[in-house]
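Please look at the sequence and the structure as I show them.

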Amino acid sequence: MQAFTFLRANDARQAIDAGARSSTAQQGASVRFVAGGTTLLDLMKLNVETPAQVVDINRLPLAKVEHTHEGGLKIGALVRNADLANHAEVKRNYAVLSEALLAGASAQLRNMATTGGNLLQRTRCMYFRDEHMPCNKREPGSGCPAIDGANRSLAILGTSAHCIATNPSDMNVALAALEARIVIQGAKGERTVPIADFFLLPGATPQHETVMQPGDLITHVLLAPPKNGARSHYLKLRDRASYEFALASAAVVLAADGGRITHARVALGGVGTRPWRSVEAEQALVGQRAGPEAFAAAANAALRDAKPQSENAFKVELAKRCLTHALATVAAA
Ligand SMILES: Cc1cc2nc3c(=O)[nH]c(=O)nc-3n(C[C@H](O)[C@H](O)[C@H](O)COP(=O)(O)OP(=O)(O)OC[C@H]3O[C@@H](n4cnc5c(N)ncnc54)[C@H](O)[C@@H]3O)c2cc1C
Ligand code: SF4
């Protein structure tokens with residue numbers, strides 16, 4: 001691990017000012033915030049992240065879940081994954097988020113991992129995590145060995161000729177289905193970014209994963225009030241029952257009236273280069289009778305543009321089955 005200096009920030013301004021001295025907030029950043037440390041420290045030990053300065057943000061007052069005036073939730077960036085998953089209001093009104101968090105990592109990791117850190121966790125692509133291999137995301141222009149190599153766990157949606165890495169987070173998929181908004185404080189003030197605009201497709205610049213700029217500090221995640229009568233669910237399929245990343249997952253929010261679907265939000269995990277909201281699936285559902293036909297149509301719509309890699313064609317069918325099962329579960333609840 002490369003040597004680095006350590007700063008314990010006492011307030012947000014101090015953290016932002018330190019972060020703003022970095023030339024990028026993306027891969028290769030010379031200043032990194034540390035929250036739970038469960039992504040950052042791993043990657044520093046592997047020499048994939050080599051910040052010259054690490055800024056500890058754990059003293060900032062961002063560890064609360066609060067109600068908003070509109071009846072939604074304001075989740076502090078330092079709320080631990082375990083606390084958020086077990087929060088009474090989250091369990092009651094945002095089940096998809098609680099279930100997604102509990103499907104992630106292990107109990108010990110969830111006790112450390114934070115909301116902000118989870119949003120910004122990095123891909124598990126094995127080439128990205130090996131400093132001796134080429135990787136366009138880690139070292140722009142060096143190539144993407146995954147395209148002709150080990151890509152079983154990688155993406156089939158949103159890929160490019162430069163990167164096919166999957167966004168590995170479970171929480172992010174639930175937040176996509178809940179249309180969360182991310183509150184960011186930066187060198188130029190505060191802004192709120194819808195999650196649909198927060199993550200970037202890899203295109204020709206896979207080293208840029210989000211809209212974060214140097215000094216940007218995620219302070220909160222905002223959830224709108226729960227939709228009247230809606231139910232939600234997260235289903236994760238993986239190689240073993242715990243402590244494993246998704247091969248395919250589905251987050252669904254559904255409301256129906258007289259058996260007809262009036263509201264649908266659908267996002268997929270494990271298959272996309274970013275948490276994959278499927279407006280196509282939602283359009284295939286709304287107005288239809290809740291049942292196998294509508295669910296199959298939604299699954300086909302969601303995977304219509306899938307581009308399987310050499311080892312992961314199985315994900316197309318797996319993701320379809322995952323989504324239809326999640327929809328059937330929530331409709332039957
Ligand atoms: C063995 C293992 C298994 C795992 N399994 C899963 C799984 O199944 N599903 C899943 O979803 N995840 C899984 N994870 C990932 C885990 O969820 C993340 O490591 C965790 O959520 C990151 O949160 P953190 O607070 O520890 O982040 P940190 O490591 O502290 O930070 C991660 C990144 O976010 C930045 N950052 C943190 N907070 C802020 C902020 N407020 N503003 C701006 N930047 C910030 C940091 O600078 C860093 O770049 C696993 C991790 C491990 C190690
Ligand atoms: S898929 Fe992306 S992260 Fe993996 S090797 Fe290719 S460029 Fe790197």
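Is the crossing of α11 and α12 left-handed or right-handed? The crossing of these two helices is right-handed, that is, the near helix is turned clockwise from the far one by less than a right angle. This is a predicted model, in which local features need pLDDT of at least 70 and side-chain atom pairs count only at pLDDT 80 or more, while totals for chains, interfaces and linings use all residues. Residues are numbered from 1 along each chain as its sequence is written, chains are lettered from A and ligands numbered from 1 in the order in which they are written, and side-chain values use heavy atoms, without hydrogens and water.

Helix α11 spans residues 292-303 and helix α12 residues 314-332. Their axes, lines fitted to C-alpha atoms over the stretch in contact, lie 9 Å apart at an angle of about 140°.

I turn now to ligand 1. Around ligand 1 there are 34 residues, each with a heavy atom within 4 Å of it. Among the closest are Phe 33 and Asp 170. A polar backbone atom of Phe 33 is 2.5 Å from an oxygen atom of ligand 1. Backbone N or O atoms of Gly 37, at 2.8 Å, and of Ala 105, at 3.0 Å, also lie by a ligand oxygen atom.

Key
Polar contact = N/O pair within 3.5 Å; in protein donor to acceptor, adjacent residues only side chain to side chain. Axes fitted to C-alpha atoms, helices over the stretch in contact; angles between N-to-C directions. Helix = DSSP H or I, 4+ residues; strand = E, 2+ residues; numbered from the N terminus.
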